[in-house]
Amino acid sequence: MEKLTVRDPSTGAVLAEIDRTPIESLPETFARARAAQAKWGVLRLKDRARALYDLREVVISRMDELADLIHRENGKTKVEALTMELAGSIELLTYFARRAPELLAEKEVRIGNPILWHRRSTLNYWPLGVVAVIAPWNFPFLLPFGDIALAAAAGNAVVFKPSEFTPLVGLKIQELFEEAGFPVGLVQTVVGDGALGSALIDRKPGKIFFTGSVPTGKKIMEQASRHLIPVVLELGGKDPMVVLPDANLDLATSAALWGSFSNAGQMCASTERLIVHESIAEPFVKLLNEKIQKLRVGSADADIGAITVEKQKDVYRAHLDEARAQGLRVQGGEWVEASRFMRPAVVTGASAELESSRVYTEETFGPVVAVTTFRSMDEAVRKANQSPYGLLGSVITRNLKLGDKIARQMEAGTVTINEVAFTAGVPETPWGGLKDSGFGRKHSDAGIYEFVNVRHVNRPRSSLFSMKSPWWYPYSPFQYETFRSYLKLYRRSFWRKLSGLPNFLWNLVHFLKNERRL
Ligand code: NAD
């Protein structure tokens with residue numbers, strides 16, 4: 001069997017050599033998933049929700065072991081493994097274990113049209129079947145775990161492909177579901193790179209939940225379109241933070257510090273563009289750099305962890321080298337311990353050069369932030385929206401009313417005021433982007449409906465109402481006239497409505513009395 005070597009990004013040591021999943025074994029994987037789903041999907045909603053509580057119990061009891069594994073395989077610090085990956089997952093399980101039965105229960109649709117009141121419409125939600133979850137390496141636990149838990153709560157089976165850089169956490173996720181009592185085969189992790197991901201799509205899953213880069217997202221959507229498979233795409237970002245002139249500088253710089261450099265900046269929701277009012281730009285950058293000096297770069301117990309993936313280092317170097325060559329100022333950005341860690345970098349300079357530089361226009365996905373300035377609120381909004389991405393944005397101000405006004409003009413899936421990027425761990429709120437950041441929403445009440453088909457059933461309220469409808473054959477001039485008089489009742493003016501009513505009622509009575517449907 002072909003092997004995949006997994007390394008610890010903080011030391012470079014080999015963590016494991018594991019078997020890659022052969023592409024030829026996928027039909028068997030899907031058959032197992034289908035068999036498990038057939039039994040799981042018919043369970044009562046309450047029973048499936050109860051399984052989420054059991055899963056939560058398992059995650060909590062193995063919290064330290066999980067934080068340690070996430071740290072070792074991904075390189076993030078232990079605090080981040082706990083607060084950014086496990087905490088959000090536990091919150092998600094808590095919310096959906098309680099809420100999913102209510103959200104997925106059958107619902108009646110209120111129909112306004114009185115001529116249809118004798119009939120009743122209900123919506124019921126049924127599983128998609130076997131779905132595919134394809135995940136990146138930067139949040140190897142939180143992102144796929146949330147998708148898989150919601151998919152299972154909605155009655156689906158999941159074939160899950162973690163990133164080839166973090167397969168151990170991926171395999172652990174399957175183990176957790178099995179330990180919590182989910183049927184074997186319901187959640188299966190397959191190990192491999194993009195070729196395996198692509199082969200997964202050709203097995204025609206019911207839907208693809210993809211989180212990753214824009215180029216891969218495009219490939220996946222293109223391939224999925226050949227089978228007409230729906231996709232949810234959670235892609236990259238180049239998130240702006242607008243700092244207004246009245247901002248508390250201490251709060252603003254701390255927010256920027258955490259927003260830009262947590263998870264070593266390897267976050268789709270990382271603040272990569274700081275748009276600061278020109279009157280405070282200088283003290284802002286000075287204080288930000290002072291705070292950066294206090295951050296400890298290093299392994300498990302540091303503030304900034306390791307750079308997970310080798311190829312990302314080339315992107316950081318390219319963006320920073322290009323910035324220097326354009327005459328921009330780069331503070332920080334030194335490589336530490338054989339380039340396994342990088343100190344945060346702040347890029348400043350003349351707006352025109354900075355805003356055309358790749359460090360400002362393209363996703364860097366590392367501990368690098370570019371700072372530009374603005375004069376008017378309109379300019380701030382224009383600059384914030386001047387990006388192909390639209391995942392998150394933030395505004396820092398003491399004037400919450402103004403902050404809210406700016407937030408409402410920002411082209412982003414989420415905007416936070418005086419906070420940054422934390423709502424990925426708040427299950428009640430939707431997560432997802434616009435423009436090149438993708439589409440579809442995770443989390444929130446809307447998020448669970450991504451995992452189900454909706455079936456609408458319309459039936460008579462009683463068997464007494466099982467009759468032929470007035471729009472059935474044969475068509476007649478009087479039928480036309482009756483409908484015409486009915487549609488006139490939609491006139492805006494009350495008097496026109498009222499004056500049309502006798503005509504309609506007369507037509508209706510005669511229609512029902514004289515006209516026979518075939
Ligand atoms: P990536 O696109 O390189 O890989 C993501 C996953 O897709 C991996 O599992 C990979 O093996 C798989 N893959 C690659 N080619 C494939 C193909 N042709 N068919 C099927 N699967 C394929 O992304 P990455 O480097 O792992 O992650 C970084 C990117 O993810 C960044 O752009 C980041 O912004 C984005 N991201 C977005 C969110 C979000 O919520 N919007 C969250 C985290 C990361």
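I note that the model is predicted.

I then looked for the largest share, and it comes from H7, with 3 residues.

I counted 28 residues around the ligand, and the ones that come nearest are Ala-135, Glu-164, Ser-213, Leu-235 and Glu-363. I sorted the shell by class and got 13 nonpolar, 10 polar and 5 charged residues.

Next I looked up N and O atoms next to the ligand. For Ser-213, I found a polar side-chain atom 2.6 Å from an oxygen atom of the ligand. For Glu-363, I also found a polar side-chain atom, and it lies 2.6 Å from an oxygen atom of the ligand. At Ser-198 the atom is a backbone N or O, and it lies 3.5 Å from a nitrogen atom of the ligand. The cut-off for a polar contact is 3.5 Å.

I then checked how much of the ligand is covered. Taken alone, the ligand exposes 850 Å², and the protein buries 92% of that.

**Aromatic pairs**

I found 13 aromatic pairs in the structure. I wrote down one of them, Tyr-125 with Tyr-449, which is tilted, with 5.0 Å from centre to centre and 45° between the planes. I record it as tilted because planes under 30 degrees apart count as stacked and those over 60 as edge-to-face.

Where do Tyr-125 and Tyr-449 sit in the chain? I placed Tyr-125 in strand E4 (residues 119-127), and Tyr-449 in the loop between helix H16 (444-448) and strand E22 (452-460). The pair links distant parts of the chain, with the two residues 324 residues apart.

**Backbone**

Most residues other than glycine have a negative phi, and most peptide bonds are trans. I looked for exceptions.

The peptide bond from Tyr-473 to Pro-474 is cis, with omega near 0°. I found Pro-474 in the loop between E22 and helix H17 (477-487).

Ala-338 is not a glycine, yet I read a positive phi of about 50° for it. I located Ala-338 in the loop between strand E13 (335-336) and strand E14 (341-342).

Terms used
Residues numbered from 1 in each chain as written. Predicted model: local features only at pLDDT ≥ 70, side-chain atom pairs only at ≥ 80, totals over all residues. Heavy atoms only, no water. Near = heavy atom within 4 Å. Polar contact = N/O pair within 3.5 Å; in protein donor to acceptor, adjacent residues only side chain to side chain. Areas by Shrake-Rupley, 256 points an atom, 1.4 Å probe, with all protein chains shown as cover. Helix = DSSP H or I, 4+ residues; strand = E, 2+ residues; numbered from the N terminus. Nonpolar A, V, L, I, M, F, W, Y, C, P; charged D, E, K, R; others polar. Phe/Tyr/Trp six-rings, centres within 6.5 Å; stacked < 30°, edge-to-face > 60°.
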